[in-house]
Amino acid sequence: MTGKITRRATMTAALAAGLTGSGGADSAPNKATMKKSGIAGLSPVWGEDFLYQWSPPEALKRDLTPGPSHIRLSSQSTPRLTGEEGVDYAKLFRSMRDGGWSACETASAGWLARKRSESEIREIKTQAKANDIVFYGIHCAGNIIAPDPDAERWQRHIIDAIHSADEMGCQLVLTHVGSMYPNRNTPHPKNWSREAWNRSVNALKRICRDTAGVKIDIAIEAVNSESINNPWAHKRLREDVGDPRITVGLDVTNMVFSNTAFRMTELIDTTFDLLADQIAYVHAKDFSWNSMMPGLNWAMIGTGNMDYETFLARVSRLKRPTNMLVEFLTTNEEYQQAQRNIRSIAQNIGVKIYGTQP
Amino acid sequence: MKIAMKKSLLAFCATLLLPGVALAAPDFSGSWIRDNGKSEQVSYPLFWLTRGVDPGGRVNGDFILDVQQDARTIKINDPQRPRRVLELDGKARTVPMDTGMQSAAVAAHLSADTLTVVTIGSYGGMPGNVGSKTQEIWSLSPDGKILTIATTRESPATKQDFKVIFNRK
């Protein structure tokens, strides 16, 4: 990906995609699920003048056609790739493969806590390759729009992570647009204000400027407590920052709220229709809405509201093989259970998951 | 997985159709009070929540289950879920799941000692869920005063078991 993105160019490309198909391996946009108004959100179903549009349309058609791209699974089970010294990398990567995982990432806080020697870097690359593990990225901590002076510190952290990812031969860093509170996981009332949006855009522009020439995707993860919590915001952020390295670390579950909790097929389709060419990798989680207040809870993958058939089919229709991080479970056994469900659902619809599970 | 599940349901149905098995079938008719102290806490709908989240099963309480059974059917009125009417011939029937968004194959059969209900469908009844097979085995104590429903739920991830006890009202 090269060249500066302009909003006009993006709109022209989107229009062309709508008229002629997306031009890639992914299918043409599903017009039934595309918004028709100028408002971010799924299309009305019925009774929109007096009902929230929380139930899906009757007889919604799902396109479960598998694509040609396989999916590599990574996880947050242990042992993990961390910044720890003295690691036996051959043993570490072999244990990942033995568990059915074929990709991995690392968390920035521990990873950047120390400098690695050239020989250690070489050993990591050698052992990852020998065990057929793709070390694709650094999952970044921090809050790039935190109240000053912390924002500067965290922007610097992301910049360091980008250089380290480049050094390691990774594809991406994963980061977030942040919160106006110090802890970005706490939603601030002004996170959706123009001020917060501008802070996020300017922070990312600065990060792009200070890493110009480094070919590492800066994948943004949607989080519901932040302004990037829907596919339209993802798309607009890339346009406003104006750098093609701003991509998507797709976490559909993180975009869910009451309005979409029972309309996941449409949300997934709409997201891929809008963002397919920007998706750098994906996260796998699931959720259920099981209480009176609109508090969603984590569920075992494949048992909740996420439409995993549609999700896996759409990932497999991306132009290139994609890494999928299974996250937010607790025990290694839960990660194995999640992997079994993913592989079963994928097998049912003809999607290829790389490798095998013991 | 779907093919495997269909095969397993067919095999199950075949065994149920053996002649003479249902000659002395138990009768579950009556009102049954759930014994909260002796029952495992099970949420309805059956969520599989992770990260230590309580699915809310403790609100089950001592509710009343009403059952009407005749030679051909059993009607189950559980205040926590939609009314069920099951044919007791062991044949699988396609019915909408409680979410109304997916279908399941359900077969019910009376043996000399038990009622077995097998449901094959998607785990949570939502589109894109993993497949699952749920087997309920209903049985009565020798004096007919205690009803036990033992449920096993199988998915590719794992097998889950839970038991609920009712006392005759």
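Predicted model: local features only at pLDDT ≥ 70, side-chain atom pairs only at ≥ 80, totals over all residues.
Me: Why are helices α7(A) and α8(A) called roughly parallel to each other?
Reply: Helix α7, residues 231–241 of chain A, and helix α8, residues 264–275 of chain A, pack at an angle of about 15°, with their axes 9 Å apart. Angles under 35 degrees count as roughly parallel, and therefore α7(A) and α8(A) are described in that way.

Me: Which residues make the contact between α7(A) and α8(A), and is the crossing left-handed or right-handed?
Reply: The crossing of these two helices is right-handed. From α7(A) the contact is made by A:Pro231, A:Trp232, A:His234 and A:Lys235, while α8(A) contributes A:Thr270, A:Thr271, A:Leu274 and A:Leu275.

Me: What makes up the contact of α7(A) with α8(A), in terms of nonpolar, polar and charged residues?
Reply: The residues of this contact divide into four nonpolar, three polar and one charged. Lys counts as charged, so A:Lys235 of α7(A) belongs to the charged class.

Me: How many residues of chain B are in contact with chain A, and how many of chain A with chain B?
Reply: On the side of chain B there are 22 residues, and they are in contact with 31 residues of chain A. The residues of chain B that touch chain A divide into twelve nonpolar, eight polar and two charged.

Me: What share of the residues of chain A count as buried?
Reply: Chain A, which has ten helices and ten strands, contains 358 residues, of which 47% count as buried; a residue is given that label if 20 or more other C-beta atoms lie within 10 Å of its own.

Key
Residues numbered from 1 in each chain as written. Chains lettered and ligands numbered in written order. Contact = placed C-beta atoms within 7 Å. Helix = DSSP H or I, 4+ residues; strand = E, 2+ residues; numbered from the N terminus. Buried ≥ 20, exposed ≤ 12 C-beta atoms within 10 Å, placed from the backbone. Axes fitted to C-alpha atoms, helices over the stretch in contact; angles between N-to-C directions. Parallel < 35°, antiparallel > 145°, perpendicular 65-115°, else oblique. Left-handed = near helix turned anticlockwise from the far one by under 90°.
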